[in-house]
Amino acid sequence: MTLPEHDPIETPPRAPSPVQGFGTLAVHAGSPHDPVTGAVIESISLSTTFAQSSVGKPIGLYEYSRSSNPNRDNFEKAVAALEHAKYALAFSSGSATTATVLQSLAAGSHIVSVSDVYGGTHRYFTKVALSHHVQVTFTPTLEIDIAELIRPETKLIWIETPSNPTLSLVDIRAVASVAHQHGVLVVVDNTFLSPYIQNPLDHGADIVVHSVTKYINGHSDVVMGAAAFNSPELFDRLSFLQNAIGAVPSSFDSWLAHRGLKTLHLRAREATKNATSVAHALESSPHVISVNYPGLSSHPHRAVALKQHRDGMGGGMLSFRIQGGHEAAERFCQETKIFTLAESLGGIESLVEVPGAMTHAGIPKEQREAAGVWDDLVRVSCGIEDEVDLKADVLQALEKAVVGPKIKNGIANGLGNGHA
Ligand SMILES: *Cc1c(COP(=O)(O)O)cnc(C)c1O
């Protein structure tokens with residue numbers, strides 16, 4: 001939905017203006033008081049259809065709920081405000097958002113993408129896009145290769161920064177300036193940081209996409225996606241496809257995601273604080289080979305984080321290689337007591353997983369390892385529990401996963417029972 005400047009419902013006496021801070025916008029953007037009852041929280045509008053006063057003359061703004069409805073509109077306005085965009089569109093999942101953006105391309109189009117994209121994005125690029133005659137070239141070093149990889153039919157550059165699950169960063173401005181010289185649009189998947197920490201459009205991206213399922217909703221109870229951008233042409237094309245393809249979220253999910261978004265700034269700060277503490281603890285542990293966290297000064301792209309992230313924040317996601325191989329990685333994820341072993345991320349609760357065997361299992365091992373997704377890599381999503389509890393949980397799980405088996409084997413060997 002567009003972010004109108006003079007929407008009569010949107011401008012009660014103390015309506016927020018886009019110059020206000022993130023927290024104020026998160027709470028107020030797209031959140032009109034009910035003009036009839038004064039309710040400060042919008043109702044959930046479940047009606048699929050809207051009455052018309054005469055043929056083709058709807059009473060209000062709406063006709064049919066797939067095309068648009070009050071809850072989705074309000075959510076879209078809020079996302080647009082937080083991503084510094086003129087427009088935002090909501091979809092039924094992050095994957096549906098990706099699919100809709102890709103389906104906006106003509107047959108024969110070409111995309112250049114970073115290598116370590118989200119597993120589902122990789123699956124769509126390699127197994128679905130081809131049937132629409134859209135080809136994707138992956139590169140682990142986009143900033144270096146971009147000019148070489150752009151062809152006459154290249155239409156999009158696809159960036160995930162930080163990437164999943166290795167948390168490497170891409171300098172959006174550097175890529176966008178080359179892409180734009182060739183008339184190529186830049187898409188940034190901003191799921192891992194959320195609009196609180198990074199606003200890709202401010203760094204030259206043309207479209208920012210989100211799995212709303214993660215930080216924006218933030219409570220692990222909605223699957224949804226969104227795209228935000230400034231170009232009216234993109235709005236015409238993508239809103240047409242939003243309606244024509246119909247991969248839209250329900251009113252109820254839009255309402256829930258909008259409620260979640262109102263506390264995004266608080267959750268993102270807390271998750272960053274927790275992840276920073278866990279990353280430091282991991283980095284100083286002898287049981288850890290290496291830590292990927294953009295908030296650490298040891299991160300190879302720390303300079304990009306300082307330039308691109310709010311206050312250089314690292315976000316709530318990190319990954320690390322554990323001593324003892326894949327078995328130790330699996331054991332670690334079973335030994336944590338607060339961190340739940342599960343896929344997904346960005347919720348209030350902390351999660352752990354082994355990407356090579358879970359979220360990224362669909363990517364061939366060689367390609368995975370070339371992108372840094374080793375079998376001993378553990379991915380961590382820090383929630384908003386207490387910092388000391390999360391740190392203690394990680395440290396006790398490391399002891400059990402790495403030291404525990406050595407002691408057990410030692411005893412077993414001592415007893416001459418080596419195969420036990
Ligand atoms: C989860 C995720 C997606 C896909 O979103 P869904 O809502 O699960 O379809 C895309 N990109 C990233 C980075 C993700 O983490």
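R72 touches S65, R66, S67, A90, Q242, V248, P249 and S254, where residues up to four places away in sequence are not counted and contact means heavy atoms within 4.5 Å. R72 is found in helix α2, which spans residues 70-82. Helices (H or I, at least four residues) and strands (E, at least two) are DSSP runs, numbered from the N terminus. At 1% relative accessibility, R72 counts as buried. Buried means under 20% relative accessible area, exposed means over 50%, and partly exposed lies in between, with a 1.4 Å probe and protein chains only. From R72 to L82, 10 residues apart along the chain, the C-alpha atoms are separated by 15 Å.

The model is predicted: local features need pLDDT of at least 70, side-chain atom pairs count only at pLDDT 80 or more, and totals for chains, interfaces and linings use all residues. Residues are numbered from 1 along each chain as its sequence is written, and side-chain values use heavy atoms, with hydrogens and water left out.

H84 is not a glycine, yet its phi is positive, at about 55°. Its relative accessibility is 42%, so H84 counts as partly exposed. S194 also has a positive phi without being a glycine, in this case near 75°. S194 belongs to helix α7, residues 194-197, and it is buried because its relative accessibility is 0%. Most residues other than glycine have a negative phi, and most peptide bonds are trans.

Two cis peptide bonds can be described next. One joins T161 and P162, with omega about 0°; another joins N164 and P165, with omega about 5°. P162 is placed in the loop between β6 (154-160) and α6 (172-181), and P165 lies in the loop between β6 and α6 as well.

Strand β6 is joined to β7 by five bridges, and the two run parallel; two strands pair if DSSP finds at least two bridges between them. L156 stands opposite L185 in β7. Of the five residues of strand β7 (residues 185-189), four are buried, so the strand is largely enclosed by the rest of the structure.

K214 carries a UniProt annotation, from an unreviewed entry, that reads "modified residue: N6-(pyridoxal phosphate)lysine". UniProt positions are given in the numbering used here, feature names are shortened, and annotations may be inferred rather than shown by experiment. Where does K214 lie? The residue is in the loop between β8 (207-211) and β9 (225-229). K214 is buried, with a relative accessible area of 8%. Leaving aside neighbours within four places in sequence, K214 is in contact with Y118, T191, S344, L345 and G346.

Another part of the chain holds an open sheet of five strands, in the order β10-β11-β14-β13-β12, with mixed pairing. Its edge strands are β10 (288-292) and β12 (340-341), each of which pairs on one side only. Strands of a sheet pair through backbone hydrogen bonds, either parallel or antiparallel. Between β12 and strand β13 (residues 351-353) there are two bridges, and these strands run parallel. The bridge partner of L341 in β13 is V352.

L341 and V352 are also among the residues that C333 touches; the others are E353, V354 and V378, again not counting residues up to four places away in sequence. C333 sits in helix α12, residues 325-335, and is buried, with a relative accessible area of 3%. The C-alpha atoms of C333 and L234 are separated by 42 Å, the two residues being 99 apart along the chain.

The last topic is a surface feature. I44, L46 and F252 make a nonpolar surface patch of about 290 Å². Patches are made of residues with over 30% relative accessible area and no salt bridge; like charges are joined within 9 Å, and nonpolar side chains (Val, Leu, Ile, Met, Phe, Trp, Tyr) within 5 Å. A salt bridge is a side-chain nitrogen of Lys or Arg within 4 Å of a carboxyl oxygen of Asp or Glu. Accessible areas come from the Shrake-Rupley method with a 1.4 Å probe, and for residues only the protein chains shown count as cover. I44 is placed in the loop between α1 (22-28) and β1 (52-54). With a relative accessible area of 32%, I44 is partly exposed.
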